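Here are a few friendly notes to read alongside the model. Take them one at a time, and find each residue in the viewer as you go.

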Amino acid sequence: MFKVFILFLILIAGIIVGPLMAGHQGYVLIQTNNFDIETSVTGLIIIFLVLQAVLMLLGWCWRRLKSGSSRTLGWFGGHKRNRARALTNDALLKLAEGDFRQVEKLLSRSADNAEQPLVNYLLAAEAAQQRSDNLRANQYLERASELAGRHQLPVDITRARILLSRDEIPAARTAIDNLLEVAPRHPEVLRLAEQVYARSGAWKSLIAILPQMKKSGEFTDEQVEQTEIRAWLGMMQQVADQDGSDALRHWWKNLSRHLRHNPEMAVAAAQHFIAGDDMADAEAVVLDGLKRQKDQRLLMLLPQIRTDNPKAIRKVLNQMQKEDADQPLLNSTLGQLAMQETRWEDAEKYFKSALSARQDTHDAAWLADVLDKQKKYEESAMIRRNALLNTLTLPDEKTPRE
């Protein structure tokens, strides 16, 4: 509206001033070395106005051309982005199908124009690794690292996961150690750390991250406890293999009461002591465990222990029998111990009690041997025949013994 008002004022001024200036247009001379330009003041003003109009027209044409080019470029850019989005969606579908070759191909083609190119390159790296193409996986990781700038955490996590899948444990452990300094409570970092430390035998390092696993909120108490027991069992194995029974005895005594009372720990410790011919410590661990837990795995270890004091073992087992006289494994264990002490009648009684509760080929064989020792050959033959028939009729039956 303001522009229209200005033009209206100029028009009024022209109507009033134009006639006054008629016949008084003045004279203008523009002189150069080569030529002279002569005109009136009115002519000069008209030339100036025409020149301004031409310049405005050229400016308008330039703006239109520039705007059209931007729209054209925008259209091509939008087309590329839409194409990249479609390829990325197709890649995700192929990922669900497990077609990693197509996943890598589609993600790498759409990465540069994708909305999140870093994500495309990381997924392409993992897809290439699934095909065992280490070279391409490394190339995608390098490209992702360039795009990530200062935010290298997702790239480093993907690299550690790929190194672990390649079984490059030393390199994976170095990567995990660095990640734990940057993101000590990151759930994926902790999951990878658990795998790397377990596979590398770094049990102390695994135990050290247990508090972070608890605080992260991504692991249940049961998962943390299982990881803890796994770590301590691995450490026990290292001590037994590297330093022997004496060192293991000292190590076991210095453990917390909570760990020594754990059935899995007690079974493993007893097995190591038996393997090292340290029967006294094996007996102490097994009897202490049975007084607390009544774990059947501990019961199965008793016949393997050579003891100078069988009365102590019988006392614990007899107390257990008072609480549950029909427990077949307990009766079987008592029968085996009675065999070792040549108490054939007691052994016969125990094995028959065990077999009355469940059929077991080991107990049947031991009972037959005990009957032979008492010269009860007919009954012994019948036990062996029945055991054979049970084996033939139930070929898939599994016994509790390993």
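1. Asp 156 and Arg 159 both belong to helix H6, which covers residues 153-165, and they sit three residues apart, about one turn of the helix. Please keep in mind that this is a predicted model. The side chains of Asp 156 and Arg 159 meet in a salt bridge, with N to O at 3.3 Å. Are these two buried or partly exposed? Asp 156 has a relative accessible area of 28%, so it is partly exposed, and Arg 159, at 24%, also counts as partly exposed.

2. Asp 288 is partly exposed at 32% relative accessibility, and Arg 292 is partly exposed at 47%. Elsewhere, salt bridges that share partners join Glu 126, Arg 161, Glu 188 and Arg 191 into one network.

3. The side chains of Arg 306 and Asp 277 meet at 2.5 Å, N to O. Arg 306 is in the loop between helix H15 (296-301) and helix H16 (310-323), while Asp 277 is in the loop between helix H13 (263-275) and helix H14 (279-292), so this pair ties together parts that are 29 residues apart in sequence. Arg 306 counts as exposed, at 56% relative accessibility, whereas Asp 277 is partly exposed, at 49%.

4. For the overall tally, a search of the whole structure finds 23 salt bridges.

5. How many aromatic pairs does the structure hold? There are three. In one of them, the ring centres of Tyr 121 and Tyr 140 are 6.4 Å apart and the planes lie at 35 degrees, so the pair is tilted. Tyr 121 lies in helix H4 (residues 117-130) and Tyr 140 in helix H5 (residues 134-148), so the pair ties together parts that are 19 residues apart in sequence. Tyr 121 is buried, with a relative accessible area of 8%, and Tyr 140 counts as buried at 9%.

6. Finally, find the two tryptophans. The rings of Trp 232 and Trp 251 have centres 6.1 Å apart and planes at 50 degrees, so this pair is tilted. Trp 232 is buried, with a relative accessible area of 17%; Trp 251 is buried too, at 15%.

Key:
Residues numbered from 1 in each chain as written. Predicted model: local features only at pLDDT ≥ 70, side-chain atom pairs only at ≥ 80, totals over all residues. Heavy atoms only, no water. Salt bridge = Lys/Arg side-chain N within 4 Å of Asp/Glu carboxyl O. Helix = DSSP H or I, 4+ residues; strand = E, 2+ residues; numbered from the N terminus. Buried < 20%, exposed > 50% of the residue type's maximum accessible area, 1.4 Å probe, protein only. Phe/Tyr/Trp six-rings, centres within 6.5 Å; stacked < 30°, edge-to-face > 60°.
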